[in-house]
Amino acid sequence: MSSNSGSGKLNAGWAAIDITPPVGLELSGWAFGPSRGVLHPLGGHALFLDDGSVELILISADLIGFDTSYADAIRSAVAGACGIGVESVMLAATHTHSGPATCFLRHWGERDDAYLDELKGLL
């Protein structure tokens with residue numbers, strides 16, 4: 001990134017959070033049905049970059065994916081909480097096939113609205 005401020009500095013911040021759902025939620029990917037335990041926790045990771053003229057937030061989550069409307073809601077919430085434009089927030093999923101159902105995929109698990117509400121707040 002180049003800086004219009006002439007400082008040549010890039011400020012960055014990073015954060016991580018556990019987004020593992022409660023045992024029993026429907027899985028999406030290949031292990032269909034409710035989860036029966038946790039082998040590896042799922043994480044959400046955020047990277048904030050600021051070069052003095054542009055601020056960006058990149059969020060990655062250990063999930064199979066996001067429906068567009070749900071991704072837009074998360075991006076809007078993050079942008080509002082951080083005081084930046086929604087166009088400066090990028091959301092990505094690692095496409096894990098052993099996580100909760102977070103988007104509609106035919107016959108690939110039912111989404112849990114309570115978990116999705118909690119997840120939006122966590123990310």
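Let's start with a pair of side chains: R75 and D72 meet in a salt bridge, with 3.7 Å from N to O. Both sit in helix α1, and because they are 3 residues apart there, about one helical turn separates them. D72 is partly exposed, at 37% relative accessibility. Keep in mind that this is a predicted model.

How many salt bridges does a search of the whole structure find? The count is 2. The other partners to look for are D67 and R111, whose closest N and O atoms are 2.5 Å apart. D67 lies in the loop between β5 (55-61) and α1 (68-82), while R111 lies in the loop between β7 and α2 (113-122), so this pair ties together parts that are 44 residues apart in sequence. Is D67 buried, partly exposed or exposed? With a relative accessible area of 22%, D67 is partly exposed. R111 is partly exposed as well, with a value of 39%. As background, side chains of opposite charge can pair when their charged atoms come close.

Here are the two pairs side by side:

| Salt bridge | N to O distance |
|---|---|
| R75 and D72 | 3.7 Å |
| D67 and R111 | 2.5 Å |

Now step back to the chain. It holds 2 helices and 7 strands.

Strand β2 (residues 26-29) runs antiparallel to β7, and 3 bridges join the two.

What about the chain as a whole? Its C-alpha atoms fill a box of roughly 55 × 25 × 20 Å along the principal axes. Of the 123 residues, 34% are buried. The chain exposes about 7,200 Å², and carbon and sulfur atoms supply 56% of that area.

Contacts reach across the sequence too: among those with a separation of 6 or more, 68% are between residues 24 or more positions apart.

Key: Residues numbered from 1 in each chain as written. Predicted model: local features only at pLDDT ≥ 70, side-chain atom pairs only at ≥ 80, totals over all residues. Heavy atoms only, no water. Helix = DSSP H or I, 4+ residues; strand = E, 2+ residues; numbered from the N terminus. Buried < 20%, exposed > 50% of the residue type's maximum accessible area, 1.4 Å probe, protein only. Contact = heavy atoms within 4.5 Å. Areas by Shrake-Rupley, 256 points an atom, 1.4 Å probe, with all protein chains shown as cover. Pairing = 2+ DSSP bridges. Salt bridge = Lys/Arg side-chain N within 4 Å of Asp/Glu carboxyl O.
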